[in-house]
Amino acid sequence: MRNIATNILDAIGHTPLVRLNNIFDDQQRVFAKLEGSNPAGSMKDRTSYLIISELLRNEIIGRGGTIIESSSGNMAVGLAQACLFYGLKLMVVVDPNLNPQTHKLLTTYGAEIIMVKEPHPEGGLLAARLEKVKELLVTIPNSIWSNQYGNPNNPKAHHATMNEIMRALHNDLDYLFIATSTCGTLMGCANYIEKNELKTKLIAVDAVGSILFGDKEGKRKIPGHGAGMPSKFLDVSKLYDVVHVSDAECIKGCRKLLKEEAILCGGSSGGIVSAYLKYAERLPKNSTSVLLLPDRGERYLDTVYNDDWVRENIDGENTPDTFSDPLRRTKFKTFVNASI
């Protein structure tokens, strides 16, 4: 591990891998990869850094230019840090699910925030944000879309993530749980597993209400995972399985992680914890799993960790346990076959 970073962006990566001893029993070796330890607070630091540095290296944009991106939060903050460091302007298109703390962070980093409030008839808020990005590109001189949804440097950034995990565990990893969104992280890790012929089985953790795996779109309050539009990266043939978690299960997972491990993480991290708990009975004894936790929890204090907000916004009575359905695995295989 490096001892001295040459600058703040050089400090990205080499995040801690922590054994979770209290939530899980001795027959389960479960580790958390704490991506919230990146300098701007999430795994999107990796993506932002590689995308921006490659745009500059290839002279696609220069100092003083404007980066435009659609984001539900973490990517925006990662880009804001990278753009500030490199002398670029940043315009971020967001929607009302952006949490207040992230809004403050973006403003502090100097990003310009554009809010879209009405969902697109096809694709919801994500489609509406992307439509606004296209409009801005026409009107803002010397601007470019960093395009986390299609830029190949998104998945490529997470080859390093996988390398860190596998080196720490001496290539002994049975299951890896990763939240969906753009699916850049998911497929970057999948490509690494395939390239290196690893035994690791990849479990996607998707949101109830996400359409990524052919389910019906529904309302979601927890940002950062799931999607209202298909992913350009997703290749379901490289996944072992998928677990769906509700907003309420994300909340429960976050609070369980905090109470039992003293780890404060964001909403999608809670979803991954809940997904593992739902899936654990299917795993062989003494198997080794890693939960890739995307961010830390300070920016969710007004939402995930606020009882009043949870009571007003989260339907705790209707938390479907998609893995209680014994046909779920069959359904996933059917979806995979139909997608190939």
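**Close-up views of aromatic rings**

**View 1. Tyrosine 86, in this predicted model, counts as partly exposed at 22% relative accessibility.** Because a residue has to fall under 20% to be called buried, tyrosine 86 with its 22% is placed in the partly exposed class. Phenylalanine 85 is also partly exposed, and its relative accessible area is 37%.

**View 2. Tyrosine 175 and tyrosine 240 form an edge-to-face pair.** The centres of these two rings lie 6.3 Å from each other, and the angle between their planes is 65°. Tyrosine 175 belongs to strand 7 (residues 175-179), whereas tyrosine 240 sits in the loop between strand 8 (201-207) and strand 9 (241-245), so the pair ties together parts that are 65 residues apart in sequence. The two partners also fall into separate accessibility classes: tyrosine 175 is buried, with a relative accessible area of 8%, while tyrosine 240 is partly exposed at 30%. Lysine 201 lies over the face of tyrosine 240, at 5.7 Å from the ring centre.

**View 3. Phe24, Phe177, Tyr276 and Tyr279 make up a cluster of rings.**

**View 4. Arginine 19 is placed over the face of phenylalanine 31.** In this view, the distance from arginine 19 to the centre of the phenylalanine 31 ring is 5.7 Å.

Terms used: Residues are numbered from 1 along each chain as its sequence is written. This is a predicted model: local features need pLDDT of at least 70, side-chain atom pairs count only at pLDDT 80 or more; totals for chains, interfaces and linings use all residues. Side-chain values use heavy atoms; hydrogens and water are left out. Buried means under 20% relative accessible area, exposed over 50%, partly exposed in between (1.4 Å probe, protein chains only). Rings of Phe, Tyr and Trp (its six-membered ring) pair if their centres lie within 6.5 Å; planes under 30 degrees apart count as stacked, over 60 as edge-to-face and the rest as tilted. Helices (H or I, at least four residues) and strands (E, at least two) are DSSP runs, numbered from the N terminus. A charge sits over a ring if NZ of Lys or CZ of Arg is within 6 Å of the ring centre and within 35 degrees of the ring normal.
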